[in-house]
Amino acid sequence: DGVDWLTCKNCGNDNPFNSVFCYDCGQALDLHRVIVTKRFNDELEASAEYFGEDSLLVLTTEVNNNEYEFEIVPQEFSKGVVIGRSAIGSTINPDIDLCEIGAIHEGVSRLHLTIRFDADYNVLKAYDLGSTNGTFINEHRLHNRDVRVLCNGDTIILGRLIMRASFFHPGDGS
């Protein structure tokens with residue numbers, strides 16, 4: 001299939017070779033491998049991670065041959081935007097309710113994911129909220145309380161619901 005696999009020494013699960021942690025048990029996979037990280041700097045504004053004070057996040061998805069688009073301004077939510085689905089009788093509901101597009105059938109939890117704007121670094125950070133069916137960003141699982149910087153063009157999977165994140169920046173034509 002063209003994919004290199006790395007077997008977890010803790011649970012025996014096969015993971016894509018570029019994985020840092022096992023998707024099943026969370027164990028670090030290869031402590032001897034060098035993992036390249038990137039330092040934020042002045043060039044960040046031109047990068048795919050940049051999300052400014054006036055930027056707009058658009059999440060798009062397709063369900064039953066219908067395309068849905070959710071425009072979000074995360075900067076307006078001091079504790080982050082909660083994405084999930086509402087439930088009858090529940091006193092706690094998400095800020096972005098995916099119930100109308102059949103989220104329950106796609107395995108989306110009531111409180112599934114939070115996206116928070118970090119003004120110090122001008123980035124969006126994604127947090128899984130202990131969802132039942134998991135959150136994946138670009139096929140990498142977010143475990144409960146993991147933090148991941150969200151980039152323009154990222155694929156977000158909530159249970160089985162696939163969404164694409166797009167950043168729009170007023171004034172620069174994107």
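A polar contact is a pair of N or O atoms within 3.5 Å; within protein, one must be able to donate a hydrogen and the other to accept it, and residues adjacent in sequence count only if both atoms are side-chain atoms. Keep that in mind for the first stop.

This is a predicted model, where local features need pLDDT of at least 70, side-chain atom pairs count only at pLDDT 80 or more, and totals for chains, interfaces and linings use all residues. Residues are numbered from 1 along each chain as its sequence is written, and side-chain values use heavy atoms, with hydrogens and water left out.

**Stop 1: Asp128**

Select strand S8, residues 123–128. Strands are DSSP runs (E, at least two residues), numbered from the N terminus. Asp128 is in this strand. Now show the side chain of Asp128. Which side chain makes a polar contact with that of Asp128? Thr135 does, at 2.6 Å. The Asp128 side chain also reaches the backbone nitrogen of Gly130, at 2.8 Å.

Next, select Arg141. Its side chain is the nearest of opposite charge to Asp128, 6.4 Å away.

**Stop 2: the open sheet**

Color the 6 strands in the order S4-S3-S13-S12-S9-S10; their pairing is antiparallel. Two strands pair if DSSP finds at least two bridges between them. Which strands are at the edges? They are S4 (66–72) and S10 (140–142), each pairing on one side only.

**Stop 3: S3 and S13**

Select residues 56–63 and 161–168: 6 bridges join these antiparallel strands, S3 and S13. Finish at Val58, which stands opposite Ser166 in S13.

Conventions. Helices (H or I, at least four residues) and strands (E, at least two) are DSSP runs, numbered from the N terminus. Buried means under 20% relative accessible area, exposed over 50%, partly exposed in between (1.4 Å probe, protein chains only). Lys and Arg count as positive and Asp and Glu as negative; His and the chain ends are not counted. A salt bridge is a side-chain nitrogen of Lys or Arg within 4 Å of a carboxyl oxygen of Asp or Glu.
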